Amino acid sequence: MSDFTELCQELEKAAKLQKPFVVYRKPDTPEVDLYIQKDDGIYRFTTENEAGFIFAPFNKEEAAVFFPREKCELFTTVFKTTDRNQSRSEKEAELKSNEDFGQRELYLARVDRCLAFMKNSGTKKIVLSRKEEVRVETLWLSEILGNLLEKYPAAFVYIWYHPAVGMWAGATPETLFSLENGKFTTMALAGTQRIKNDEELIWGLKEQEEQQIVTDYIKNELQGFISSTSQPKTVRAGQVAHICTEMEGSLTKDFGLIQLVNKLHPTPAVCGLPKETARSFILEHEGYDRKFYTGFLGEINRSFGSESSARTHLFVNLRCMELFENKVVLYVGGGITGDSDKEKEWEETVAKSATMKAILI
């Protein structure tokens, strides 16, 4: 496909006909891909050799939705900022959030409960999240896609839809892992602070320890498979920044793609540590169903030509929202440790929700 406008037309047509689709762009690349499934079936990923796009929930006991490549039409184009129509005054959405209607007090109370549980149980970290509803007049998928592409070039951005499941959109900075020729790369991404103009970012002990917990967990889970670990670095995602450590390793005959997913998902960056203790607390006390928030999504076994090897690139579903006819539901959270300040934790979720609200206006 030669034109971004044509891709947007195919996107809007698929949505109108209620055909399953996903449109996305990987970080730091101009290529935009649109998968449109030819039927409305719900397929599952069952063997490591299948190719397609996977969309998996936070709760591992619930099944992922898979768009098989052979059942989809694929459209690809290149996005340039000049593709945008900047005259959008008639399409501007007035955002009305319920953030001020008891959300803050409810979240602070849950942080208090979380801290008390951690103190009594010896839990090191629990990732506590919340959802926030925002009312909108009209949802223009092409505008949302354009905003995602333009505002977050270093993130994995997407809009995903299935008529039996719903519609989601997001801009996530976190890779679950990438895989090619048996070699994988993964990351430990944690610790958050708001970016203020051009000020130098200085990380506090709480954020450094939070990120080190994730790094240590991944290295321990993948012991014997990881060959190299980078030094921590700062990465930016919209209006916030995180600490990131990258790790590389290799699969074996007895440790393949599915085993790697099971080891990594969910990581302490979206769940906590010990993982099962944190996960149980989240499912019992967080107060709502995360659905696909903090799950994972991406390409599985994508080939780019007859001579190229298949590549898998999966991302953690952060900075995301669920889209409805006249509202969106934002999903945001943060890691709670023994040193957490509940007011700062609340402000962290506000900063993260602002990242997603920016794509709606």
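Me: Okay, so on a 1 Å grid over the protein atoms alone, a pocket is an open set of points where a 1.4 Å probe fits, with protein on both sides within 12 Å along at least five of seven lines, and lining residues have an atom within 4 Å of a point. How much space lies in the second largest pocket?

Reply: About 300 Å³. A volume here is the space filled by probe spheres set on the points, which are joined across faces, edges and corners. Keep in mind that this is a predicted model, where local features need pLDDT of at least 70 and side-chain atom pairs 80 or more, while totals for chains, interfaces and linings use all residues. Residues are numbered from 1 along each chain as its sequence is written, and side-chain values use heavy atoms, without hydrogens and water.

Me: Which residues lie nearest the centre of that second largest pocket?

Reply: Ile54, Ala64, Val261, Asn262 and Phe296, out of 17 lining residues. The elements giving two or more residues to this lining are β3 (52-56), α5 (257-264) and β16 (296-302). α5 has the largest share, four residues. Those labels are DSSP runs numbered from the N terminus: helices are H or I with at least four residues, strands E with at least two.

Me: What classes of residue are in the lining of the second largest pocket?

Reply: Eleven nonpolar, three polar and three charged. Ala, Val, Leu, Ile, Met, Phe, Trp, Tyr, Cys and Pro count as nonpolar, Asp, Glu, Lys and Arg as charged, and the others, Gly among them, as polar.

Me: And what volume does the largest pocket have?

Reply: About 540 Å³. Of its 18 lining residues, Thr192, Gln193, Arg194, Glu207 and Lys344 are the closest to the centre. Two or more residues each come from β11 (183-194), α4 and α7 (342-357), with α7 giving the most, five. By class, this lining has twelve charged, three polar and three nonpolar residues.

Me: You mentioned α4. How far apart are its end C-alpha atoms?

Reply: 24 Å. The expected span is 1.5 Å times one less than the number of residues, so the 17 residues of α4 (205-221) should span 24 Å, and the model agrees.

Me: Which α4 residues are buried?

Reply: Lys206, Glu207, Glu210, Gln211, Ile213, Val214, Thr215, Tyr217 and Ile218. Buried means under 20% relative accessible area, with a 1.4 Å probe and protein chains only.

Me: Switching topic: how many salt bridges are there?

Reply: The count is 21, where a salt bridge needs a side-chain nitrogen of Lys or Arg within 4 Å of a carboxyl oxygen of Asp or Glu. One of them joins glutamate 299 and lysine 26, at 3.1 Å from N to O. Glutamate 299 lies in strand β16 and lysine 26 in the loop between β1 (21-25) and β2 (31-37), so the pair ties together parts that are 273 residues apart in sequence.

Me: What salt-bridge partner does lysine 125 have?

Reply: Glutamate 210, with the closest N and O atoms 3.6 Å apart. Lysine 125 is in strand β7 (125-135) and glutamate 210 in helix α4, so this pair links parts that are 85 residues apart in sequence. Both residues, lysine 125 and glutamate 210, are buried.

Definitions and conventions
Buried < 20%, exposed > 50% of the residue type's maximum accessible area, 1.4 Å probe, protein only.
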